[in-house]
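Reader: I am new to this structure. Please show me how to read its features, one at a time.

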Amino acid sequence: MKKVIAFVGSPRKDGNTATLVEEAAKGARDAGAEVKVYYLEDLQFKGCQGCTTCRQKPECEQQDDFTPIIKELSTADGIIIGSPIYMWQVSSQVKKLFDRFYPLTGADLKPRFGTKKTLMIYSQANPNADSFQAYFEHTGKMLSNLFGLNIVDTIVVPGAVTQDMAKSNPSYMVGAFTGGRNLVD
Ligand SMILES: Cc1cc2nc3c(=O)[nH]c(=O)nc-3n(C[C@H](O)[C@H](O)[C@H](O)COP(=O)(O)O)c2cc1C
């Protein structure tokens, strides 16, 4: 059975990011995958401490809620990452996640565990869906080059000022469900 790991990078459990990550998880389950959804705000973990242990072996010196997730990521087939846009970037929760991905890249800065299909979901108040396009591409390139997280789909919800924007818009819900399915098919 294929394994998919999903991350919600917004602290709002009823927000747009959470809604769409859960919908994508539903799609992946519908396609037969085992899916785990992590709410980053609920995990007790620090950012990377820069000890560089993981440059020699694919392990992290820190023993916290993120430690077992590194192992899960190494064998996962698909990844879902959702973030609200905070200050033109991913939320601090998601930046911390990216830094803790460091064991997934080798000393040669190439992916240690092969490639994994990845779905990105972004929610933003800015009504222009293209505003952060260059940033999304830059982030996708970083995730792919370093960690083997190959972005197969990026869902952007623009104008998401209220928490129910995604929920009340069927096209986003269908897009997320389909995006989740595509990670597995
Ligand atoms: C601290 C903070 C910073 C934000 N910065 C931006 C921003 O730079 N650009 C933008 O379009 N929206 C910004 N927003 C709005 C959120 O991205 C938007 O409300 C998003 O839909 C929230 O996602 P959620 O419903 O999943 O929590 C910001 C919101 C907060 C709380």
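Author: Start with residue classes. Ala, Val, Leu, Ile, Met, Phe, Trp, Tyr, Cys and Pro count as nonpolar, Asp, Glu, Lys and Arg as charged, and the others, Gly among them, as polar. Keep in mind that this is a predicted model.

Reader: How do the residues of the shell around the ligand divide into nonpolar, polar and charged?

Author: Eight are nonpolar, eight are polar and one is charged. In total, 17 residues surround the ligand. Gly-15, Thr-17, Pro-84, Asn-126 and Ala-160 are the closest.

Reader: Which element gives the most to the shell around the ligand?

Author: Strand β3 does, with three residues. Helix α1 (16-30) also supplies at least two.

Reader: Why is β3 largely enclosed by the rest of the structure?

Author: A residue is buried if 20 or more other C-beta atoms lie within 10 Å of its own. Strand β3 covers residues 78-86, and eight of its nine residues are buried, so the rest of the structure largely encloses it.

Reader: Which strands pair with β3 in the parallel sense?

Author: Look for bridges. Strand β1 (residues 3-8) pairs with β3 over five parallel bridges. There, Ala-6 stands opposite Ile-80. Strand β5 (residues 116-123) is a parallel partner too, over seven bridges. Gly-82 has Ile-121 of β5 as its bridge partner.

Reader: Do β3 and β4 run parallel or antiparallel?

Author: Antiparallel, with two bridges joining β3 to β4 (residues 89-90). Tyr-86 stands opposite Gln-89.

How values were computed
Residues are numbered from 1 along each chain as its sequence is written. This is a predicted model: local features need pLDDT of at least 70, side-chain atom pairs count only at pLDDT 80 or more; totals for chains, interfaces and linings use all residues. A residue is buried if 20 or more other C-beta atoms lie within 10 Å of its own, exposed if 12 or fewer, and partly exposed in between; C-beta atoms are placed from the backbone. Helices (H or I, at least four residues) and strands (E, at least two) are DSSP runs, numbered from the N terminus. Two strands pair if DSSP finds at least two bridges between them. A residue is near a molecule or strand if its C-beta atom, placed from the backbone, lies within 6 Å of it.
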